[in-house]
Amino acid sequence: MDMQTGWNENRALLRGVAAAAPTLSHENHGVAYETFPLSVLRLSGSEDRVNVIAARPLLEQCPVAAGTPLEVEGEVRSFNNKSGRGSRLVITLYARSLRKGGGEPANDLVLAGTLCKPPVFRRTPLGREICDLMLAVNRRYGRADYLPCIAWGGLAQRCAGLEVGDGVRLAGRLQSRSYTKVEDGVSQQRVAYEVSVMKLEPVELGDT
């Protein structure tokens, strides 16, 4: 994906295998939306499991079942989970198009937006450098998606120098990560989603 695109970009291309059949997610303006997990293999052999949301008419054109190889193009979306169960910030892939077919696994994102929280720079116990970012990407109709991003190594050092309100354009992948949450003495396995940043460049807010 070419990074030289317009301001406030949100484009994703994932190629993998549906891990389950779609189930009803919600309805909006008379249109039903369904969700299913998409399994995308990494080069290491591990997998990222991304929740895809697609309008029912799209699924009628391209029926999906467990095991269906798919290519999905769309946008990374976020919403706040107010149920009190699971992660507060829920990240999904909103499908604009679905195509059946195999091919090499793909997990490519291009995002452009503004930083809405100060970067958090840290080191792992083994000394690896990490920087956490929160990117706000505007939609066309006034809303915004808030997407957690993570950079490593030398790129993490560069990201640590960014400030709230800075515009950035980045390329990366949408990854899933399991972790243990302890509440009231009870351990729960949860899954967090974040954008692993491969490339990042500053953008002046007036750029198009």
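These legends describe close-up views of a predicted model.

**View 1. The largest nonpolar core.** This core has 41 residues. Among its members, F36, L98 and L200 touch the most others.

**View 2. The surroundings of L98.** L98 is one of the core residues that touch the most other members. Neighbours within four places in sequence are left aside here. Beyond them, L98 is in contact with F36, A54, L58, L59, C62, V64, E71 and V72.

**View 3. Strand β1 and its cover.** Strand β1 spans residues 10-18. The strand is mostly covered, with seven of its nine residues buried. In a regular strand, side chains alternate between the two faces of the sheet.

View 4. β7 covers residues 106-115 and runs antiparallel to β1. Six bridges join β1 and β7. Here N10 stands opposite L111 of β7. β5, residues 69-80, also pairs with β1 in the antiparallel sense, over six bridges. L13 has E73 of β5 as its bridge partner.

**View 5. The pairing of β1 with β3.** β3 takes in residues 31-41. β1 and β3 pair over two bridges, in the antiparallel sense. A18 stands opposite L38 of β3.

**View 6. S196 in strand β12.** S196 lies in β12, a strand of residues 186-203. S196 counts as buried because its relative accessibility is 4%, and buried means under 20%. Leaving aside neighbours within four places in sequence, S196 is in contact with I150, W152, A171, G172, R173 and Q175.

Notes
Residues are numbered from 1 along each chain as its sequence is written. This is a predicted model: local features need pLDDT of at least 70, side-chain atom pairs count only at pLDDT 80 or more; totals for chains, interfaces and linings use all residues. Side-chain values use heavy atoms; hydrogens and water are left out. A nonpolar core is a set of buried Ala, Val, Leu, Ile, Met, Phe, Trp, Tyr and Cys residues joined through side-chain atoms within 4.5 Å. Buried means under 20% relative accessible area, exposed over 50%, partly exposed in between (1.4 Å probe, protein chains only). Contact means heavy atoms within 4.5 Å. Helices (H or I, at least four residues) and strands (E, at least two) are DSSP runs, numbered from the N terminus. Two strands pair if DSSP finds at least two bridges between them.
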